[in-house]
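Let's walk through this fold together, one packing arrangement at a time. Have the structure open as you read.

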Amino acid sequence: MEMEITMKKCALHSLGCKVNSYETQAMQKMMESAGYEIVPFGEEIADIYIINTCSVTNIADRKSRQMIHKAKKLNPEAVVAAAGCYVESAGDNIDEDVDIVIGNNEKSHLIEILNEYFEHMDKEKSVDIGKATGFDELNIDSPLEHTRAYVKIQDGCNRFCSYCIIPYVRGRIRSRKPDDVMAEIKRVAASGCKEVVLTGIHLSSYGLDFKDSTVKLIDVIEAVNRIEGIERIRLGSLEPLIVTEEFVRRLAKCKKICPHFHLSLQSGCDETLKRMNRRYNVDEYYKGVELLREYFPDAAVTTDVIVGFPGETEEEFNITKKYLEKVCFYEMHVFKYSRRKGTAADKMPDQIPENIKSERSTELLELNEILSNGYREKYIGKKVKVLLEENHIIENKKYIIGFTDTYVRVALENPEEKLYTNQIVNVRVKKLFEKDMVIGVAEN
């Protein structure tokens with residue numbers, strides 16, 4: 001059967017983190033280069049479906065299974081390839097709708113895996129997974145989002161937080177060679193992209209696995225800052241303890257750095273943090289936030305918070321809530337604790353009922369809305385630079401929407417479409433607009 005000839009249309013779908021998004025874009029570029037026609041997932045029948053899965057929570061597992069089933073339902077004759085973290089965690093229990101299994105360190109070999117499958121029509125899901133020993137080199141010359149490029153420079157995690165499955169499914173830390181990072185970002189800059197986001201599974205550990213080098217994350221940031229064509233550098237999630245005086249001082253000298261810092265917190269209570277195995281306390285975390293705000297006075301600090309972790313009492317939750325108010329985050333991503341088999345937290349006593357998790361989540365989401373709006377209100381009347389990214393119709397009016405360097409979403413009326421994407425414009429902010437935006441007018 002000439003599968004290489006008849007199998008032409010491919011649809012891809014990414015779940016989960018920005019690392020997955022990057023990897024999916026890279027796989028799409030590989031498929032295009034191999035002669036496949038890329039079609040939108042769910043909008044047109046494809047011959048091959050590639051699902052890049054996530055397993056960070058039970059909900060992520062369920063969504064991964066749902067997308068796999070959806071792909072097979074869209075075309076029962078299609079080949080369904082499942083890649084990523086859910087594949088790793090499911091192991092031999094992978095869904096029967098999956099024809100090809102691709103582990104986290106096999107994605108760069110996608111075309112070879114497909115060719116081998118088509119040659120042998122092997123439906124035994126025999127691709128090795130979970131044996132990552134080096135950085136799986138994927139590349140993007142020009143991002144699908146023309147204005148912003150996510151560039152993966154690190155993979156894996158050695159931290160083993162008690163609630164987290166990721167070190168088991170992504171493996172130990174692996175850092176991309178600096179020369180390869182710079183080469184890709186130069187290609188991205190040549191494509192016209194103005195903003196680059198450095199991302200990884202545990203970005204702060206970049207370089208710690210290099211045996212004969214002292215290159216760390218800050219060195220890569222400084223090198224990217226020197227690349228012509230790139231006007232903004234944004235960072236993925238950072239571990240709190242990387243925020244030292246030296247790190248922030250050097251960071252502040254990088255004029256292209258976006259003062260938008262995502263510092264993962266998870267809890268504002270020291271006792272909860274100990275059970276989470278987070279390796280820092282709330283005082284150390286707050287010191288890092290103060291350092292960032294000292295060097296970047298308008299810094300947008302965002303974070304992740306888990307509610308309902310095993311043993312979290314009402315008192316501990318209230319301590320966390322007060323701490324969040326004290327730090328005054330721009331945005332908080334609130335998650336209900338998800339019990340993951342194989343983790344230390346799965347075996348902990350005093351598991352919290354779902355209804356209590358939901359109540360605490362709702363309470364923090366309400367706080368998040370108050371804090372987030374409060375941060376945006378500070379921009380009213382101010383002049384900011386906005387990278388325009390996409391056109392929108394809101395209540396029958398034409399708008400163009402972009403982001404400040406602090407990741408505040410800004411809308412501008414654009415009835416005559418004189419403003420266009422991938423340009424940075426000066427904007428005077430007028431007022432809050434919609435749920436998560438401000439509205440402004442372009443100024444010279």
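Axes here are lines fitted to C-alpha atoms, for helices over the stretch in contact, with angles from 0 to 180 degrees between N-to-C directions. Helices (H or I, at least four residues) and strands (E, at least two) are DSSP runs, numbered from the N terminus.

A word on the source: this is a predicted model, in which local features need pLDDT of at least 70 and side-chain atom pairs count only at pLDDT 80 or more, while totals for chains, interfaces and linings use all residues. Residues are numbered from 1 along each chain as its sequence is written, and side-chain values use heavy atoms, with hydrogens and water left out.

Met27, Met30 and Met31 of α2 meet Leu110, Ile111 and Leu114 of α5, where contact means heavy atoms within 4.5 Å.

Helix α11 (residues 282-295) packs against α12 (residues 314-327) at about 15°, with the axes 11 Å apart. That angle makes α11 roughly parallel to α12. On the α11 side the contact is made by Val282, Tyr285, Tyr286, Val289 and Arg293, and on the α12 side by Tyr323, Lys326 and Val327.

Next comes the sheet. Four strands form an open sheet in the order β7-β6-β8-β9, with mixed pairing; two strands pair if DSSP finds at least two bridges between them. Strands β7 (174-175) and β9 stand at the edges with a single partner strand each, so one side of each has no neighbour in the sheet. Helix α7 (residues 178-190) packs on the sheet, touching β6 (148-155) and β8, and its direction makes about 170° with that of β6.

How do β8 and β9 pair? Strand β8 (residues 195-200) runs parallel to β9 over four bridges, and Val197 has Arg234 as its bridge partner in β9. In a regular strand the side chains alternate between the two faces of the sheet. Along β9 (residues 232-235), Arg232 and Arg234 point one way and Ile233 and Leu235 the other, and all are buried, that is, under 20% relative accessible area with a 1.4 Å probe and protein chains only, where over 50% would be exposed and in between partly exposed.

Definitions and conventions:
Angles under 35 degrees count as roughly parallel, over 145 as roughly antiparallel, 65 to 115 as roughly perpendicular and the rest as oblique.
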